[in-house]
Amino acid sequence: MKYQIETARAGDFLNIAALDRLAWPQMSDTFIPDGEHIWRVWNDYATLLVARVIDRGPLSESNDIAGALVQFPTRTGEFFLHKLFVHPLCRGMGIGSALMRAALAQATAPVLLTVDPANSPAVKLYESLGFNVRERINGYYRPHEDRFIMVFTPTNPQTA
């Protein structure tokens, strides 16, 4: 399957929202997918990248988006990488890593993300991309949901 990483188009937000729900079925008891309205806002005002399929591969004709990433500026002058996901049929093809590299290449300030400290594969992936653990916060979302705050500092950040 061939794909290209690009900025989401104005009409992509419904397909991205549908993929958001599809990408996390194992967490349906605790995960609340972001609604179509917020994907529309992010489509217009955040960094919203997609992996767009060039040849169909395993995807249906109604959606050519194999993965998505959203990051947005924070009030602290950093960026926050809010969400990254890949279609279940397209995992293991490097799409998530390609989306991350594209987002980090655009970063003009440090990029933050949160990750479950017990998710060793994700922590190792983020470290391989240049992220470091800034802090651990126990009970970040709920009492049983601890998180690392990880930070990536671009080599040439712009100063305000």
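This is a predicted model: local features need pLDDT of at least 70, side-chain atom pairs count only at pLDDT 80 or more; totals for chains, interfaces and linings use all residues.
## Overall make-up

The protein chain contains four helices and seven strands. Along the sequence they follow the order β-α-α-β-β-β-α-β-α-β-β. Of the 160 residues in the protein chain, 45% are buried.

The protein chain has an accessible surface of about 8800 Å². Carbon and sulfur atoms account for 53% of that surface.

## Helix H4 and what covers it

Helix H4 runs over residues 120-128, and its buried residues are Ala 122, Val 123 and Tyr 126. These residues lie on the same side of H4, because they cover an arc of only 100° around the axis. An α-helix has 3.6 residues a turn, so residues three or four places apart point the same way. Pro 121, Lys 124 and Ser 128 are exposed on the other side of H4.

The cover over the buried residues of H4 includes helix H3 (95-106), together with strands E5 (111-115) and E7 (147-152). Just after H4, Gly 130 has a positive phi of about 105°.

## Helix H3

Helix H3 is among the elements that cover the buried residues of H4. Its own buried residues are Ile 95, Gly 96, Ser 97, Ala 98, Leu 99, Met 100, Ala 103 and Leu 104.

The length of H3 can be checked against its residue count. Twelve residues at 1.5 Å a residue should span 16 Å, and the end C-alpha atoms of H3 are 17 Å apart, which agrees.

## Salt bridges

With nitrogen and carboxyl oxygen required to be within 4 Å, the count is ten salt bridges. One of them pairs Glu 6 with Arg 52, with the closest N and O atoms 2.5 Å apart. Glu 6 belongs to strand E1 (residues 3-7) and Arg 52 to strand E2 (residues 47-53), so this pair ties together parts that are 46 residues apart in sequence. Glu 6 counts as buried because its relative accessibility is 16%, and Arg 52 counts as buried at 5%. Glu 6 and Arg 52 are also linked with Arg 9, Asp 12 and Asp 64 in a network of salt bridges.

A salt bridge also forms between Glu 36 and Arg 21, where the closest N and O atoms are 3.0 Å apart. This pair links distant parts of the chain, with Glu 36 in helix H2 (residues 36-45) and Arg 21 in helix H1 (residues 13-23), 15 residues apart. Glu 36 is partly exposed, with a relative accessible area of 31%, and Arg 21 is partly exposed at 40%. In a further pair, the side chains of Glu 145 and Arg 142 meet at 3.1 Å, N to O. Glu 145 is buried at a relative accessible area of 12%, whereas Arg 142 is partly exposed at 33%.

## A buried arginine without a salt bridge

Arg 147 sits in strand E7, one of the elements covering the buried residues of H4. Arg 147 is buried but has no salt bridge. The nearest side chain of opposite charge is that of Asp 116, 4.3 Å away.

Leaving out residues up to four places away in sequence, Arg 147 touches Thr 114, Val 115, Asp 116, Pro 117, Glu 135, Arg 136, Ile 137, Tyr 140 and Tyr 141.

Conventions: Residues are numbered from 1 along each chain as its sequence is written. Side-chain values use heavy atoms; hydrogens and water are left out. Buried means under 20% relative accessible area, exposed over 50%, partly exposed in between (1.4 Å probe, protein chains only). Helices (H or I, at least four residues) and strands (E, at least two) are DSSP runs, numbered from the N terminus. The arc is that of the directions from the helix axis to the C-beta atoms. Contact means heavy atoms within 4.5 Å. The expected span of a helix is 1.5 Å times one less than its number of residues. Lys and Arg count as positive and Asp and Glu as negative; His and the chain ends are not counted. Accessible areas come from the Shrake-Rupley method with a 1.4 Å probe; for residues, only the protein chains shown count as cover.
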